[in-house]
There are 2 protein chains.
Amino acid sequence: MFESGNNAALTTRLLARTNKITLTSGLAPKYLQANLIILPSRFASDFLLLCQRNPVPCPLLASSSKPGSATALKSHLPGISDAAIASALDICTDVPLYMVYDDGNLVKSHCSDIANEWTDDHVAFLIGCSYSFEAALTAAGLPPRHTALGRNVPMYSTNIPLCAAGVFTGGTYVVSMRPYRKADIEKVRELTRPYVSTHGEPVAWGWDSVERLGIKDINAPDFGDKPLDLDAADDEIVPVFWGAYVGDRCDGR
Amino acid sequence: MFESGNNAALTTRLLARTNKITLTSGLAPKYLQANLIILPSRFASDFLLLCQRNPVPCPLLASSSKPGSATALKSHLPGISDAAIASALDICTDVPLYMVYDDGNLVKSHCSDIANEWTDDHVAFLIGCSYSFEAALTAAGLPPRHTALGRNVPMYSTNIPLCAAGVFTGGTYVVSMRPYRKADIEKVRELTRPYVSTHGEPVAWGWDSVERLGIKDINAPDFGDKPLDLDAADDEIVPVFWGAYVGDRCDGR
């Protein structure tokens with residue numbers, strides 16, 4: 001799953017660095033994709049613990065080797081060395097687009113780099129992204145419907161509490177949803193199970209899980225795009241939910 | 001937290017081996033205490049994944065080094081070698097009392113050894129136990145009320161789903177409860193936070209968390225002893241809940 005010696009990931013990062021791409025879905029498919037969160041160092045140990053206690057929605061791949069390091073990472077993947085995580089990296093430029101928050105308020109949206117925002121007090125965290133297992137589903141003949149439709153995956157806030165960690169309290173799981181035939185669910189679970197660093201197997205599936213997760217309207221996701229052609233009266237095609245990155249909802253204030 | 005070179009843990013295990021003790025609360029206080037679960041090997045990889053995905057209720061400390069091994073363990077604690085986990089161990093005799101299940105049905109209760117039940121197909125798992133952090137609370141002048149009363153900790157089934165792992169689906173968190181003064185909660189959180197291998201800091205606290213966890217009656221725990229002198233009208237002393245080992249409720253059938 002984690003392949004080195006080939007430069008597809010570096011090529012993708014260089015395209016992001018030079019602002020040639022605005023998203024990474026489908027690029028460098030044999031590499032792990034990551035979400036990026038950057039925090040002031042005073043929140044770093046609590047955020048690390050949040051990931052450690054909630055590995056399904058927050059699978060921590062790597063973090064800055066020390067506060068202020070935007071180029072050297074510490075690996076949190078067993079068996080993967082710090083050096084193998086990424087070469088010739090610059091956290092401040094190598095992501096296609098950034099959102100900048102100040103005390104929880106969005107102050108810059110979709111900007112192409114954060115060279116002026118990064119300080120010696122910042123710590124970067126890379127969290128596994130489900131783009132990584134979608135290629136495996138597609139390869140097995142079970143492409144996620146949203147990719148077939150050229151849309152983003154629908155995501156929902158749920159009532160499942162995240163385990164508290166220091167200043168990070170009161171958070172709940174976010175889940176991503178991909179509809180599948182009931183008959184394919186065990187296969188879908190098996191295919192995504194090995195992807196422990198990128199949310200792994202689903203956390204819930206079936207129409208009855210929608211209410212259990214506290215989702216009021218499956219056609220009104222909280223993040224991502226609306227799911228098309230999904231009908232709660234359809235007993236054959238049902239929603240399947242994976243843990244998803246909690247993103248900027250855990251800002252520790 | 002994990003101290004070697006002293007034989008209090010071995011002494012305790014030898015007392016259990018020779019049936020001189022029936023519980024371990026308060027014994028070998030500088031060592032990690034563990035819960036034991038033994039499964040047929042066909043469930044081992046799914047159970048390992050269950051622990052990996054739910055580390056707060058199921059913090060995995062160690063497992064049999066291979067199926068059938070009752071004397072050699074593989075460490076799952078970062079930085080702790082296999083050899084440092086336990087010396088001169090026999091899983092079949094070194095626990096004070098065992099419960100034996102056959103296909104989910106209890107067939108032997110509170111027996112003193114399992115030498116006749118253990119086979120080459122069994123895998124033992126050791127899960128962190130909250131007895132480990134209770135000593136730290138007591139040392140800080142915040143003894144858990146149940147220990148002061150000479151009772152077992154009350155435990156409750158909740159509606160918080162465990163993340164599914166292979167055959168282990170549909171499980172929910174069990175929590176243990178210790179009442180504390182509202183003013184002491186941040187101190188209690190800090191004291192137990194470092195105990196990541198034995199459930200760590202609380203997952204919820206306060207009277208409003210009782211309903212949120214789906215607990216119907218705080219005075220009717222599902223496991224352990226009733227909490228005494230706990231009054232929902234008391235706004236000063238409130239329940240504090242920790243993740244707890246899910247025990248025999250996850251038998252993988």
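Between domain 1 of chain A and domain 2 of chain A, eleven residue pairs are in polar contact, both partners at pLDDT 80 or more; such a contact is a pair of N or O atoms within 3.5 Å, where within protein one must be able to donate a hydrogen and the other to accept it, and residues adjacent in sequence count only if both atoms are side-chain atoms.

A word on the model: it is predicted, local features need pLDDT of at least 70, side-chain atom pairs count only at pLDDT 80 or more, and totals for chains, interfaces and linings use all residues. Residues are numbered from 1 along each chain as its sequence is written, chains are lettered from A and ligands numbered from 1 in the order in which they are written, and side-chain values use heavy atoms, with hydrogens and water left out.

Now step back to the two partners. Domain 1 spans 8–130 and domain 2 spans 132–249 of chain A, with bounds from an automatic or database domain assignment. Their centres, taken over C-alpha atoms, lie 23 Å apart. In contact (heavy atoms within 4.5 Å) are 25 residues of domain 1 of chain A and 23 residues of domain 2 of chain A.

Together the two domains bury about 2100 Å², 62% of it on carbon and sulfur atoms; this is the accessible area (1.4 Å probe) that two parts lose on being put together, summed over both. On the domain 1 side, V56(A), P57(A) and S130(A) supply 30% of the area buried against domain 2 of chain A, more than any other three residues.
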